[in-house]
Amino acid sequence: MRWSHVARAQRAMFTTSMAASSNSNVRFRISSAVEATSRPPIPQAYAWAAAYRPTPGRPLLDMSQGVPGTPPPKLFLDTLAEFSADPKNCGYVENVGEMALREAAVKEMKIAYAGRDGEGEVDVKAEDVAITAGCNLAFFASVMTVAEKGDEIILPVPWYFNHEMTLSSLGIDTVTLQTSPEKHFQPSPEECERLITSKTKAVVLVTPNNPTGAIYPPSLIESFAKLALTHNLALIIDETYRDFLNPAHHPPHNLFSSKPSSTFPEDWSWRSSIIHLFSFSKSYCIPGHRVGLICASPSLIPELNKALDNIQICAPRPPQLALAACLAELRPFVKDTARSLEARHALFKSVLPSNWKIGAQGGYYAFVKHPFKGVDARVVCERLAKEMGVVCLPAGFFGPSGGIKDGDQWVRFSVANVDDDKVRLVCERLKECEDAFGWKASA
Ligand SMILES: Cc1ncc(COP(=O)(O)O)c(C=O)c1O
């Protein structure tokens, strides 16, 4: 389905009326692509939450936002303070970032993608890496570089809403690749292939996924890489939540090894098709410092550089320098965060009322089917926020209206920003609402 074709007019009508009412003093025309782009949906959930009256005994419980629940380690903060205080670090640096961070990030990638026994060559170099002011900007710059107005990019649905918003604001058509609960929200390379046209420029994967939490196995990621190779497309793979995979899922994939499997051509290199994106926001608990990266062929970097020069010049320098200085020492912190997230996922699964079903879980998120058949998840989430003080996000925030299979029953819970006690309380209130809402609940 070509989402932009079907829904652009509908969205434009909606956003135009919003723009007309909220920007009535603006006497110039807004870009039609930006105007037709959806607004970020999170404020909607917070508007619902604002209607809840918390009491000391019944606080608001927020499992909506994908933000780290703990501060960064003191080591990082102290190092950052030092670099921030140094006037030398107030100037610009190369668009592609501090060389020290590019090198340090490569060292982390060599560990993250090494074979199970820690062996095997991970073929990534500092010259493949560009540092960006966050991973959203990495996506924006990558997409600007590979596609233009009227081109098509394939996004599995449910999608990470900023990806779709980026494509829409650049006038690029989003082609939706459905995933389904029956297939645990794993996208199908065969179905993806059927969507490819002469206008397709890229396929986007997010693993572990936002919003579903689905973790794509290496074999699936490799099938998409082969598809990209066969059709001369870019495979943009956002691995923001990579560090939260448990050891059973290590390595996340083998694309960075010199040859992932015998089915790849002898002369294959990931650099011919892959654009890998990463965020430092989650692993190091520093979303406000805006550091992300793009790892791609060095022949693409000068092209990316043109986009980066216009939209960021360079990412903020002190956090780049601080990360470079302590990335290796922060490994235990990242591992501990991953372990506590895994434990919280297990707790959530064990205390979730039996009528609520987990479809997939991983990274920061659990994707859960609510028990009220025939009631739209938006309505369920609205009542949960307003009446129960539980904030979570309906699947409809992550896809075209009516475009997610069984989307009306799915809800995203983030386990990152809550402690174990809050997870228990949320689940108690989910059980309570089965009676309180007056809808028939069934498994
Ligand atoms: C898949 C994905 N990519 C990118 C981002 C944004 O990362 P950053 O803070 O580095 O821009 C998020 C944040 O939620 C995300 O879920």
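The model is a predicted one, in which local features need pLDDT of at least 70, side-chain atom pairs count only at pLDDT 80 or more, and totals for chains, interfaces and linings use all residues. Residue numbers start from 1 along each chain, following the sequence as written.

To begin with the overall layout, the protein chain splits into domain 1 (31–70 + 333–436) and domain 2 (74–330), with bounds that come from an automatic or database domain assignment. Taken over C-alpha atoms, the centres of domain 1 and domain 2 are 26 Å apart. Domain 1 puts 36 residues into the contact and domain 2 puts in 31 residues; here two residues are in contact if their C-beta atoms, placed from the backbone, lie within 7 Å. On the domain 1 side, the elements giving two or more residues are α2 (32–35), α13 (331–351), β9 (357–362) and β10 (365–369). Helices (H or I, at least four residues) and strands (E, at least two) are DSSP runs, numbered from the N terminus. The biggest giver on that side is α13, with 5 residues. By residue type, the side of domain 1 that touches domain 2 holds 21 nonpolar, 10 polar and 5 charged residues. For this sorting, Ala, Val, Leu, Ile, Met, Phe, Trp, Tyr, Cys and Pro count as nonpolar, Asp, Glu, Lys and Arg as charged, and the others, Gly among them, as polar.

Two of those strands, β9 and β10, turn up again in an open sheet of 4 strands, ordered β9-β10-β13-β12 with antiparallel pairing. The edges belong to β9 and β12 (393–394), each with a single partner strand, so one side of each has no neighbour in the sheet. Strands count as paired if DSSP finds at least two bridges between them. Between β12 and β13 (residues 410–414) there are 2 bridges, in the antiparallel sense, and leucine 393 has arginine 412 of β13 as its bridge partner.

The burial scale calls a residue buried if 20 or more other C-beta atoms lie within 10 Å of its own, exposed if 12 or fewer, and partly exposed in between, with C-beta atoms placed from the backbone. Neighbours within four places in sequence aside, cysteine 433 is in contact with Leu384 and Met388.

A parallel pairing is found between β3 (residues 152–157) and β4, joined by 6 bridges. Together with helix α7 (residues 161–169), β3 and β4 make a right-handed β-α-β unit; right-handed says that, with the strands pointing away from the viewer, the path from the first strand over the helix to the second runs clockwise. Strand β4 (residues 173–178) is mostly covered, with 5 of its 6 residues buried.

The ligand has 13 residues around it, of which Gly134, Cys135, Asn210, Ser279 and Ser281 come nearest. A residue counts as near a molecule if its C-beta atom, placed from the backbone, lies within 6 Å of it. This shell is made up of 4 nonpolar, 8 polar and 1 charged residues.

Threonine 207 and proline 208 are joined by a cis peptide bond, with omega about -15°, and proline 208 is in the loop between β5 (200–206) and α9 (218–230). Histidine 250 and proline 251 are also linked by a cis peptide bond, with omega about -10°. The loop between β6 (234–238) and β7 (274–279) holds proline 251, and tryptophan 270 is in the loop between β6 and β7 too. Tryptophan 270 is buried, with 27 other C-beta atoms within 10 Å, and touches Leu255 and Phe256, not counting residues up to four places away in sequence.

Histidine 184, in the loop between β4 and α8 (189–195), has phi near 55° and is partly exposed, with 16 other C-beta atoms within 10 Å. For isoleucine 313, phi is near 60°. Isoleucine 313 sits in the loop between α11 (301–311) and α12 (317–326) and counts as exposed because it has 12 C-beta neighbours inside 10 Å.
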